[in-house]
Structure formats: C-alpha cells, structure tokens
Amino acid sequence: MNQPDIIVEVIKSGNRFNAFDVDGNKHTSNITTGARKKAFEGEYPLGRFTNKNGKHYWKQIDPSLIEVSNPTPSSVDVPSDHADVLNFIHSSYSMKPKGLVMNELKWKYLIRSAVRGKNIMMTGMAGCGKTMAAKALVNSLDRPDFYFNLGATQDPRATLIGNTHFDKKKGTYFSESLFVKALRTPNAVILLDELTRAHPDAWNILMTVLDYTQRYLRLDEQDGSETVKVADGVTFVATANIGNEYTATRQLDKALIDRFTTIEMDVLNKEEESDLLEYMYPNVDPSLLKNVGEIASMTRNEAKSQTARIMSGISTRTSVEIAGLIFDGFSLEESADIAIYPQYDQSGGIDSERTFVKQIVQRFINDGSSDDLFNDEEVEEATSADQS
Ligand SMILES: Nc1ncnc2c1ncn2[C@@H]1O[C@H](COP(=O)(O)OP(=O)(O)OP(=O)(O)O)[C@@H](O)[C@H]1O
Ligand SMILES: [Mg+2]
C-alpha cells in the first residue's frame with residue numbers, strides 16, 4: 001500500500017495554520033490552506049503521498065500511523081518511570097567531570113532540574129564555573145544540545161528569531177535562526193550563556209519562550225503574527241552574574257529571573273581550590289599550588305569583609321591561569337604580575353587595590369619573611385574568615 005513519506009501536524013499560530021513534521025521542518029507552503037485548516041479543526045495529521053505520475057499530494061491519515069512510520073526521536077536517557085528518575089538523579093554524581101568542583105547536592109539538583117524540564121539559571125561570581133557546570137550538564141544528558149552566547153550578540157532579533165533577506169529571484173524571504181531550530185527540537189537542551197550581558201531586547205524576546213504557561217516565540221512584534229511553539233521536553237540552562245561587581249552586566253528584569261530555578265555556584269574554599277589545581281597540574285610542586293589557593297582565598301575573604309579594601313577576590317579562573325603559568329616555568333611573582341595585578345586598580349598609590357593585593361602575594365614570595373608593607377594583624381583579619 002502507498003505509504004506517506006512525510007507526516008505533518010497542523011498548528012495554529014495567530015491566524016495561520018502551519019504544518020510541521022516531527023523534525024520541526026515546515027511544510028506549510030506545500031499544502032493548501034483549506035487542507036491545513038480542516039486538519040487542524042479535525043485534529044488529524046496529514047501525510048504526503050506520491051501518485052502514479054510522481055506528483056505529491058497530501059491527505060488525512062490515521063494518527064496511529066505516526067508512531068509506526070515516524071517515531072519521535074527517543075529521549076534515551078531521560079527515564080520516565082519515577083523509580084528510574086530517582087535512581088538517575090541520585091546516581092548522577094558519578095557523571096560529574098572530575099575537573100569540575102561542585103558539591104554533590106548542587107550537582108544532583110542541577111540534574112534533577114534538567115530532568116524535570118525546569119529553566120535553570122546558574123549564578124555566582126565571575127570565573128567560578130557557571131559555564132563549565134552548564135556544559136558538563138549538557139554533556140551528561142544524552143540529548144540534542146545548542147549553545148548561544150548571548151553576551152556576544154549584537155543583534156538579538158537576528159540571533160533569536162532570524163533574518164529577512166532579499167533575493168532578486170525569490171524576493172524577500174525569511175530565514176529562521178538556529179535558535180528557532182533549537183526550540184523545535186524535542187528534548188533539546190539549550191544553553192543561554194551570559195544571559196545577564198545580553199541586550200534587553202533579547203530578554204523581551206525570551207519572556208514568552210521561558211514562561212511555562214506560554215512556551216512560544218513570536219516571530220514578529222505584531223499581535224497575531226506567527227509563533228513557534230517550544231517542543232516538548234526542551235530545557236533551558238542560562239548563566240548569569242547576579243549581584244556581582246560587573247558593570248557590563250545589566251540588571252536582569254525580575255520577571256525574567258522569576259522564570260528560572262536558580263542554582264548558585266559556590267566560591268571554592270582554599271582546600272578545594274588547591275585540590276583542583278593539584279588535580280589539574282599534578283607535576284607542579286603542590287606547596288606552590290597551595291600558596292595560589294591561599295592567595296585566592298585571602299583576596300576573596302577580604303572582598304567580602306565589611307572593611308573590604310578590594311572590590312573582588314581572585315577568581316578560580318585566574319587561579320587556574322596562575323597554576324598554568326607556574327607549570328610553564330614562570331615564578332609566582334611573574335605570574336601575579338601578568339595575571340593578577342592588572343585586574344586591580346592602581347590609583348591611590350599606597351592605598352590602591354593593587355598595592356593591597358601585591359602585599360598579600362608578597363608574603364608568599366618572601367616566604368613570610370620580614371619586610372611586609374603591612375602588618376600581620378591585617379593579614380590575619382583577611383584570613384580569619386576563611387574557616388568555613
Ligand atoms: N568550580 C570549578 N571547578 C573547576 N574549574 C573551575 C571552577 N570554576 C572555575 N573553574 C576554572 O575557571 C575557568 C572558567 O570557568 P567558567 O568559564 O565556567 O566560569 P564562569 O562562572 O562561567 O565565568 P563568567 O562569569 O566569567 O562567565 C574554567 O575553565 C576552569 O578552568
Ligand atoms: Mg561563563
């Protein structure tokens with residue numbers, strides 16, 4: 001018997017009836033409006049058949065055919081039975097990459113949120129592993145994934161919706177963005193990196209997409225214009241620097257934040273920090289790496305103290321960078337000169353942030369000896385909060 005080679009479902013968007021196959025490809029223009037409208041109203045799929053002359057035609061088919069001839073892509077690893085889900089979540093810590101420091105509870109919460117189709121937002125200070133954790137999550141789930149760095153987009157509409165082009169032969173036509181393709185992919189995991197640095201237009205576009213009760217993208221500002229439905233099982237994972245020192249980070253709209261489950265990445269303490277560095281650079285003298293961990297943690301404690309003389313501590317990204325320089329034969333002093341000091345303001349001379357950080361580093365270079373520029377009490381102050 002003649003079998004359809006394509007099966008479409010008709011979805012109403014605004015006042016249009018669009019036909020999509022299971023892969024999210026649009027076939028609207030190949031089917032008459034009448035046929036699409038009837039299929040939508042009668043809630044039946046349409047199949048594409050070929051007649052004796054090799055011409056295609058579309059007609060109603062039995063919905064049960066969909067499962068047989070066109071199975072939806074299976075979501076391999078996302079277990080549906082509750083016992084399986086529990087087991088999957090609670091045994092997931094073994095899937096966390098060794099090189100990512102994140103405690104078990106937070107990791108499991110991350111996995112659980114993804115399995116449950118939550119919109120996830122990773123927050124935390126700069127360089128603390130937000131992007132790394134989001135990517136690790138994507139790798140742990142055997143699902144189609146898409147990456148968008150929203151901090152780098154100049155034209156949010158083009159990135160998230162698409163572009164209108166002009167062609168002499170075809171006239172004006174619209175090409176959909178990769179983001180639209182991602183939304184149409186069942187079970188996709190969509191990474192929205194640096195959401196806080198995105199253009200406010202991007203946030204507005206994302207509002208309906210992220211709203212659990214709406215879950216659609218409007219292709220045009222006008223009411224009644226075409227929309228794209230977010231496919232079943234799609235999970236969004238965003239990263240954000242919230243409440244940190246970065247001015248480039250725009251204040252995220254409260255309504256947008258509300259659409260996410262937030263998972264805060266912890267700042268590593270000095271043991272975790274030096275353990276990570278030792279894990280990454282097993283050939284470097286561990287006592288040097290301990291010093292790097294110590295310096296980082298002292299600056300972080302200072303930054304969060306009430307009488308802070310620096311605005312922010314050294315990030316894990318920077319510690320890793322320093323460890324890499326040491327591995328390549330640079331001294332701690334040289335590494336600090338290149339990778340740490342430029343991050344701190346030198347205005348104010350002796351009272352500057354840079355001078356303060358130099359003094360901390362100096363202690364480890366001089367091995368704690370005599371000519372420190374500031375007294376031990378002050379250093380004690382900066383370190384004492386680190387017993388957590
Ligand atoms: N928790 C962590 N575990 C392991 N490595 C880390 C961790 N945090 C940071 N790093 C190191 O720092 C680098 C930067 O991390 P990442 O890009 O994930 O930070 P981020 O939080 O996304 O930073 P930003 O706020 O600048 O986007 C990583 O490549 C890794 O080497
Ligand atoms: Mg990042």
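How many residues surround ligand 1, and which are the closest? In this predicted model, 16 residues surround the ligand. The closest are Val-101, Cys-128, Lys-130, Thr-131 and Met-132. By class, eight residues of the shell are nonpolar, six are polar and two are charged.

For Cys-128, a backbone N or O atom lies 3.0 Å from a nitrogen atom of ligand 1. Lys-130 takes part through its side chain, a polar atom of which lies 2.7 Å from an oxygen atom of the ligand. In the case of Met-132, a polar backbone atom is 2.8 Å from an oxygen atom of ligand 1. On its own, ligand 1 has 630 Å² of accessible area, and the protein covers 86% of this area. Two elements give two or more residues each to the shell around the ligand, namely helix H5, which spans residues 130-140, and helix H12, which spans residues 316-327.

Attention may next be given to the backbone at two loop residues. The phi angle of Asn-187 is near 65°, a positive value in a residue other than glycine. Asn-187 belongs to the loop that lies between helix H7 (178-183) and strand E9 (189-193). Its relative accessible area is 16%, and because buried means under 20%, Asn-187 is classed as buried. Is Glu-194 buried or partly exposed? With a relative accessible area of 23%, Glu-194 is partly exposed, since this class lies between the limits of 20% and 50%.

A further set of buried residues is found in helix H3, which comprises residues 82-90. Within this helix, Val-85, Phe-88 and Ile-89 are buried. When H3 is seen down its axis, its buried residues fall within an arc of 95°, and therefore they line one face of the helix. The buried residues of H3 are covered by parts of the protein that include helix H4 (104-115).

Technical notes: Residues numbered from 1 in each chain as written. Chains lettered and ligands numbered in written order. Predicted model: local features only at pLDDT ≥ 70, side-chain atom pairs only at ≥ 80, totals over all residues. Heavy atoms only, no water. Near = heavy atom within 4 Å. Polar contact = N/O pair within 3.5 Å; in protein donor to acceptor, adjacent residues only side chain to side chain. Areas by Shrake-Rupley, 256 points an atom, 1.4 Å probe, with all protein chains shown as cover. Helix = DSSP H or I, 4+ residues; strand = E, 2+ residues; numbered from the N terminus. Nonpolar A, V, L, I, M, F, W, Y, C, P; charged D, E, K, R; others polar. Buried < 20%, exposed > 50% of the residue type's maximum accessible area, 1.4 Å probe, protein only. Arc of directions from axis to C-beta. Contact = heavy atoms within 4.5 Å.
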